[in-house]
Amino acid sequence: MSRIRQLPEWQALAALDDAALPLLDVALLIARDEYPDLDPGRYALRVQGHASHLRRAVERESRLALKMRTINQYLFEEVGYAGNHDEYYDPRNSYINEVFERRLGNPISLALVQMTVTREVGLPLDGVSFPGHFLVRLPVDNGVLVMDPFNRGRPLDVDELRERASAHLGGGVPDDDALSQILNPASNRAILVRMLRNLHGVYQKHGDWERAVRSADRVLRLLPDDCEALRDRGVGYLEIGHRAGAREDLQRYLQRQPGAPDAGRIRLRLIEAGLQPARLH
């Protein structure tokens, strides 16, 4: 039986510094929206169990790269965590409890498993908000080891990193400085927001506006001034018929972003819904 584990409250998260945001606990908080009976202690114990299994083998290795290889072999080969290539956009890939149970996930949820277990055994593994697929990085003696958790933690060399980045940068190949910037560690807040944006995108695409609104609202709990999430929640409110919420959110969005590329479309939607946007001064 797992020990009782208290998760943080959504309303407390905005005031926390990035470093103080508990990555696993907030990921479980996101999952509890969809799985209200979720037992957080069960998954904390899962991480500790993985770490306990690994600790002695990791300590036997002298080099960080070899320690990391040992961790990856255990997580991806023995335990069987894997990228869900067949159903990439299944929302269960973004809920960390489902990732632990099914051992299937998307790049960022698998990175979160890899990071929490690796940090538990004392290695400073960080996430990377890389264009396209989320990656992880570990400082090593001669630089940084970058890995792809969606593909069993496979290491990526500089040429492949440039090629992957180029596909999302209009074909431009990043130089050393630009690539170094792209590979900067992602904060806990950035990781959690990216998980929520993934969920929003999936639910919006399938017209599940209640859950799309919830995902955008949770981004605003972490980043109260985020204009994109404010717009997304407002559009979702329109879709579900919450007129007051839609007007408030979309008016605020237009006031903050009057020159946004979608500002005209947003104004038109408000007018069509009988929610005349306020004049900007």
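Ala, Val, Leu, Ile, Met, Phe, Trp, Tyr, Cys and Pro count here as nonpolar, Asp, Glu, Lys and Arg as charged, and the others, Gly among them, as polar. The model is predicted, with local features needing pLDDT of at least 70 and side-chain atom pairs pLDDT 80 or more, while totals for chains, interfaces and linings use all residues. Residues are numbered from 1 along each chain as its sequence is written, and side-chain values use heavy atoms, leaving out hydrogens and water.

**Exercise 1.** Describe how helices α1 and α8 pack.

*Solution.*
- Step 1: α1 covers residues 23-34 and α8 residues 188-205; helices are DSSP runs (H or I, at least four residues), numbered from the N terminus.
- Step 2: their axes lie 9 Å apart at an angle of about 20°.
- Step 3: α1 is therefore roughly parallel to α8 (angles under 35 degrees count as such).
- Step 4: α1 gives Leu23, Val26, Ala27, Ile30 and Glu34 to the contact, and α8 gives Asn188, Ile191, Leu192, Leu196, Leu199 and Tyr203 (contact means heavy atoms within 4.5 Å).
- Step 5: these contact residues divide into 9 nonpolar, 1 polar and 1 charged.

**Exercise 2.** Work out what makes up the lining of the largest pocket.

*Solution.*
- Step 1: the volume of the largest pocket is about 390 Å³.
- Step 2: 20 residues line the largest pocket, and Val140, Asn142, Gly143, Val144 and Leu145 are the closest to its centre.
- Step 3: elements giving two or more residues to the lining include α3 (64-79), β4 (135-140) and β5 (143-148).
- Step 4: β5 supplies the largest share, 4 residues.
- Step 5: the lining divides into 12 nonpolar, 3 polar and 5 charged residues.

Definitions and conventions:
Axes fitted to C-alpha atoms, helices over the stretch in contact; angles between N-to-C directions. Parallel < 35°, antiparallel > 145°, perpendicular 65-115°, else oblique. 1 Å grid on protein atoms, 1.4 Å probe; cavity = no way out; pocket = protein on both sides within 12 Å on 5 of 7 lines; lining within 4 Å. Points joined across faces, edges and corners; volume = space filled by probe spheres on them.
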